[in-house]
Amino acid sequence: MGFKLTEEFKAKAEKICTQYPRRDAALIPLLLELQKETSYIAEEGMDYSRVKAVTTFYTMFNREPAGKYHLQVCRNISCHMAGAPGLLERLRKKLAIAEGETTKDGLFTLSCVECLGACGLAPVIQVNDKYFENLTAEKVDALLENLRHEL
Ligand code: FES
């Protein structure tokens with residue numbers, strides 16, 4: 001019997017991943033569910049489960065098509081204390097989108113992420129693969145303007 005990944009299994013896998021605070025912890029439950037479905041763990045199933053668990057844990061992987069600029073606002077303690085909630089609110093208003101959404105023109109996606117590892121330079125926003133640190137409301141406004149002009 002060959003391996004076939006059904007839509008039903010994909011939906012179950014999605015649900016399993018949301019049940020764990022650390023999504024990499026979903027790997028074993030995903031494999032158990034897969035084994036229940038197919039009676040064994042085929043190579044393709046291993047790949048799928050590992051990839052699913054990893055991509056749902058690490059915020060560096062987008063699971064939806066993202067805008068040209070992916071604004072990832074750090075929400076952990078140092079950034080929180082240094083004003084990240086205000087910056088997030090400012091971005092929400094300026095871009096007229098909520099967290100997890102992309103602007104209609106496809107330019108910006110807004111997300112919140114866990115610690116970016118630059119706590120001493122909080123608050124931090126990652127835009128694609130670049131960090132912007134020690135941010136203020138004014139710097140965020142300038143950042144948006146610069147990104148718009150990079151077009
Ligand atoms: S808390 Fe934001 S970079 Fe660590």
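At what angle do helix H1 (residues 7-18) and helix H2 (residues 27-38) pack, and how far apart are their axes?

Reply: This is a predicted model, in which local features need pLDDT of at least 70 and side-chain atom pairs count only at pLDDT 80 or more, whereas totals for chains, interfaces and linings use all residues. Residues are numbered from 1 along each chain as its sequence is written, and side-chain values use heavy atoms, with hydrogens and water left out.

Two packed helices are described by the angle between their axes and the distance between the axes. For H1 and H2 the angle is about 155° and the axes are 10 Å apart. Helices (H or I, at least four residues) and strands (E, at least two) are DSSP runs numbered from the N terminus, while axes are lines fitted to C-alpha atoms, for helices over the stretch in contact, with angles from 0 to 180 degrees between N-to-C directions. H1 and H2 are therefore roughly antiparallel to each other, given that angles under 35 degrees count as roughly parallel, over 145 as roughly antiparallel, 65 to 115 as roughly perpendicular and the rest as oblique. The crossing of H1 and H2 is right-handed, a term for a near helix turned clockwise from the far one by less than a right angle, anticlockwise being left-handed.

On the H1 side, the contact (heavy atoms within 4.5 Å) is made by Phe 9, Lys 12, Ala 13, Ile 16 and Cys 17, and H2 brings Pro 29, Leu 30, Glu 33, Leu 34 and Glu 37. By class there are seven nonpolar, no polar and three charged residues, where Ala, Val, Leu, Ile, Met, Phe, Trp, Tyr, Cys and Pro count as nonpolar, Asp, Glu, Lys and Arg as charged, and the others, Gly among them, as polar.

To place this part in the chain, domain 1 covers 7-57 and domain 2 covers 69-149, with bounds from an automatic or database domain assignment. The centres of the two domains, taken over C-alpha atoms, are separated by 31 Å.

Another helix pair can be read in this way: the axes of H5 (residues 84-95) and H6 (residues 137-149) come within 10 Å and cross at roughly 40°. H5 and H6 are therefore oblique to each other, and their crossing is right-handed. Among the residues in this contact are Leu 87 and Arg 90 of H5 and Val 140 and Asp 141 of H6, and its classes come to six nonpolar, no polar and four charged residues.
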